[in-house]
Amino acid sequence: MGKITETHQIFKIAGQAFLLNLLLTIIKVPLAIFTGSLAITASAIDSGTDAVASLFIYGGVRLSTRKSRSFPLGLYKLENVASVAISLFIFIAGYEIVKQILSSSDSIPQITPISIFLLAGSSLSIFGFGQYALHVGKKTQSPVLIAEGRHRQVDFLSSIVVLVSVLFSYFDLQTDVMGISIDRLGAALILLFIAKAGWELLSDGMRVLLDASIDFPTLDKIHSLIYQEPAVDEIKSLIGRNAGRYRFIQAAITLNVSDLEVAHKISEAIENRILTQIPNIEKITIHYEPKVRTHDILALPLSDKSGQISSHFGEAPYFAILSLHRDNHTIDAKKITENPHCTVSTAKGLRVAEWLVEQKITHVGIKEDVLHKGPGYVLSSAGIKIRRISSKNLSDAVREIMMPENSDTGMEEL
């Protein structure tokens, strides 16, 4: 679902919430006057208060998508302000419901079947709309819609309490449990739900308003997505925050490349990977810098373990991997490893190039011309420098590559 479509749907549901609350208020006010029921009166007050709150929330959602010079990143946090406002209205509703249920009246409510039917229909409409708002809220990760859905859950429970109270009055039933009336027990249950739902909304909204970090599972996933890029040497910092339903990500990384154009392409690839797998990201800022290297890692294809240079890149049975000190051009480490892809039937060169990228190679010395072939594109896009050599054995090849005119600033590239 696109951002514009999601926003339009949120506008639509916020407007529907206002109309629903207004309709419930119009239904309940005459019922309260006609029946004289304190429970229905409290419910009418609750619906009227909700109508005002919904109108405020609708305006907050509308304003949250606007940007200006004063607020270049948008007013997305207004969604969280609205979420906090809903939590406060939940507490107010709970207070009003409990106050009305625990109050007493000498008059007997005049309940009719039509009153029961209207209250039951109101309860069903509240439940249905709440489930709908929660479903869309979780799908779009909109805090205001999730808050609206949870508020409807509270309203549904309170409407059930009102309905039960009305039914007891209609059938003239006087029931209690250990001296505590059914109404009081229902009120206690609602209080627990109100306290839980209201506190969750209030604390979540305040976390965002205070610029708390996004949830740690999401940060961990972003961390893993960045490290999926082989050229990334280190993540120096990773910060994420929410504003409304949107996320803002900042990362500082070091790359095993020195070419700025290559580094920029790698940064764009990381951004695209995150955008496709993490929803509702408004902006990603990646600061990158080359790793300060003391060594270059050189790979050379071998035809055997004795050190004979192979004329082929993908089909070479072995590779020598050497760690070359950048200052004094000495070999500090050397290993000969088997080529894991030399026996595959297709795309040997591409597979070997990708494997070398995973090994954090910085330079490759080869006889074969791969400049305009798949392996050459893979190596160069990862920032790996390619050196054409003519030597036949490993020792001569290393000396050829380490000749002063080939040293980095860098080793000669294709």
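Helices (H or I, at least four residues) and strands (E, at least two) are, throughout this tour, DSSP runs numbered from the N terminus. The model is predicted, so local features need pLDDT of at least 70 and side-chain atom pairs count only at pLDDT 80 or more, while totals for chains, interfaces and linings use all residues. Residues are numbered from 1 along each chain as its sequence is written, and side-chain values use heavy atoms, with hydrogens and water left out.

Of its 414 residues, 46% are buried, where buried means under 20% relative accessible area, exposed over 50% and partly exposed in between (1.4 Å probe, protein chains only). Among contacts (heavy atoms within 4.5 Å) with a separation of 6 or more, 66% join residues 24 or more positions apart.

Next, select residues 12-33, 39-61, 81-102, 114-134 and 154-171, which an unreviewed UniProt entry annotates as "transmembrane region"; the positions are given in the numbering used here, feature names are shortened, and such annotations may be inferred rather than shown by experiment. Within this selection, residues 12-33 are 100% helix and 0% strand, with end C-alpha atoms 32 Å apart. Residues 154-171 are 94% helix and 0% strand, and their end C-alpha atoms lie 26 Å apart.

Now turn to the charged side chains. Six salt bridges are present in the structure, each defined by a side-chain nitrogen of Lys or Arg within 4 Å of a carboxyl oxygen of Asp or Glu.

Select Arg152 and Asp155, which form one of these salt bridges, with the closest N and O atoms 2.6 Å apart. Both residues belong to helix H5 (residues 143-170), and because they are three residues apart there, about one helical turn separates them. Arg152 and Asp155 are both buried.

Move on to Arg273 and Glu229, whose side chains meet in a salt bridge with an N to O distance of 3.8 Å. This pair links distant parts of the chain, 44 residues apart, since Arg273 sits in helix H8 (residues 260-277) and Glu229 in the loop between helix H7 (216-227) and strand S3 (232-243). Glu229 is buried, its relative accessible area being 12%.

Finish at Arg387 and Glu400, where the side chains form a salt bridge at 3.8 Å, N to O. Arg387 lies in strand S10 (residues 385-388) and Glu400 in helix H11 (residues 394-401), so this pair ties together parts that are 13 residues apart in sequence. Arg387 and Glu400 are both buried.
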